[in-house]
Amino acid sequence: MTEQQSVPEYRIEDLAHHSGATVRTIRAYQDRGLLPRPERRGRANVYTSAHLSRLRQIADLLDRGYTLASIKELLEAWDAGRGLGGVLGLVAEVDGPWTDERAGRITRAELDERFGGHPDEAAVRDALDLGVLEPVPGRDDEFLVPSPQELAVAAELYAAGVPLPAISGHLRELRGQVEHIAARFLEFTTEHVFARYLGPHPPTDIEAAEAASLVRRLRPLAQQSVDAELARAMRLFATRHLHRHLSEGVSPAPGEERQSVAIPADTMRAVRELVGPENVAAFVAAATEREVQARTLDALATKGA
């Protein structure tokens, strides 16, 4: 690096060293129009702090999940004077935490104590694979816990008698279902709320600021709606589950043995539409009982006549 009027200048190798990019990557960015060409001085190419700043912008946008094609559009907007401040503010809002929970740490000894007091290497590997635990660089006896609440749930289930492999399998299944819910919520809000900000060109600073404000407002809605629906479903299914198991444990009284009766499919379909799938059995039983009572009353009335 040389200095001329206090402006840093770099050879390509120096630029690669300061930016963290490789020489090959820098040349590829130049070929794709992401990075301005260097100034030619004799047989040497000279880069400036503007090139270094541009490389750092590209690296930051890549880390945020942008493709090189979209980065090129953003940088062209920047060069045209539209600015990146609003867009990067929107990205920061989306990248921000979606929960108030704070990550914690746990030592290997504490982890073993919470889960039976005996080391279980397979369970630790499972937890690392699922992201329930994360390694701490340079520390083999300590882990980062992104969600202490999730680890606490696993510990409570284990204490209640659920084997660790079953807990891991349940989490994998649950995660797939929750990711589906998240994807649907994003599709829904994108279609009805954010579509106007997602045109073929990057949003202006004002549009990006509006979108970021909407993200802040809508951020808690996904969890609130899932919490409400989960509570409703747990109340419904837990009650039904308990009733079924209690009824299975009661032996029918003499003369009350249960029998299976074939009912036409069209009739069953009509009953389901009328009372809902969860009430079909109760409806059929009540209707049968009422019919029997009605016929008994008719028979008694006929005899009396």
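**Exercise 1. State what share of the 305 residues in the protein chain is buried.**

Solution. Start with the term: a residue is buried at under 20% relative accessible area, exposed at over 50%, and partly exposed in between, using a 1.4 Å probe and protein chains only. By this rule, buried residues make up 24% of the 305 residues. The model is predicted: local features need pLDDT of at least 70, side-chain atom pairs count only at pLDDT 80 or more, and totals for chains, interfaces and linings use all residues. Residues are numbered from 1 along each chain as its sequence is written, and side-chain values use heavy atoms, with hydrogens and water left out.

**Exercise 2. Classify Arg-108 and Leu-236 as buried, partly exposed or exposed.**

Solution. Take Arg-108 first. Its relative accessibility is 17%, so Arg-108 is buried. Arg-108 lies in helix 6 (residues 108–114); helices (H or I, at least four residues) and strands (E, at least two) are DSSP runs, numbered from the N terminus. A contact means heavy atoms within 4.5 Å. Leaving out residues up to four places away in sequence, Arg-108 touches Pro-119, Asp-120, Glu-121, Val-124, Asp-141, Glu-142 and Phe-143.

Now take Leu-236, which belongs to helix 10 (residues 205–248). With a relative accessible area of 35%, Leu-236 is partly exposed. Its C-alpha atom is 10.0 Å from that of Glu-278, a residue 42 positions away along the chain.

**Exercise 3. Find which residues of the largest nonpolar core touch the most other members.**

Solution. A nonpolar core is a set of buried Ala, Val, Leu, Ile, Met, Phe, Trp, Tyr and Cys residues joined through side-chain atoms within 4.5 Å. The largest one has 17 residues, and Leu-15 and Ile-26 touch the most other members. Next, list the elements that give two or more residues: helix 1 (12–19), helix 2 (23–31), helix 3 (49–63) and helix 4 (68–79). Helix 3 gives the most, with 4 residues. Then look at Ile-26: apart from neighbours within four places in sequence, its contacts are Ile-12, Leu-15, Ala-16, Ser-19, Ala-21, Leu-35, Tyr-47 and Leu-55. A second, separate core has 16 residues, among them Ala-127 and Ile-167.

**Exercise 4. Describe how helix 8 packs on helix 9.**

Solution. Two packed helices are described by the angle between their axes and the distance between the axes. Axes are lines fitted to C-alpha atoms, for helices over the stretch in contact, and angles run from 0 to 180 degrees between N-to-C directions. For helix 8 (residues 148–159) and helix 9 (residues 164–194), the angle is about 135° and the axes are 10 Å apart. Helix 8 is therefore oblique to helix 9, since angles under 35 degrees count as roughly parallel, over 145 as roughly antiparallel, 65 to 115 as roughly perpendicular and the rest as oblique. Glu-150, Ala-154, Leu-157 and Tyr-158 of helix 8 meet Leu-164, Ile-167, Leu-171 and Arg-175 of helix 9. By class, this contact has 6 nonpolar, no polar and 2 charged residues. Here Ala, Val, Leu, Ile, Met, Phe, Trp, Tyr, Cys and Pro count as nonpolar, Asp, Glu, Lys and Arg as charged, and the others, Gly among them, as polar.
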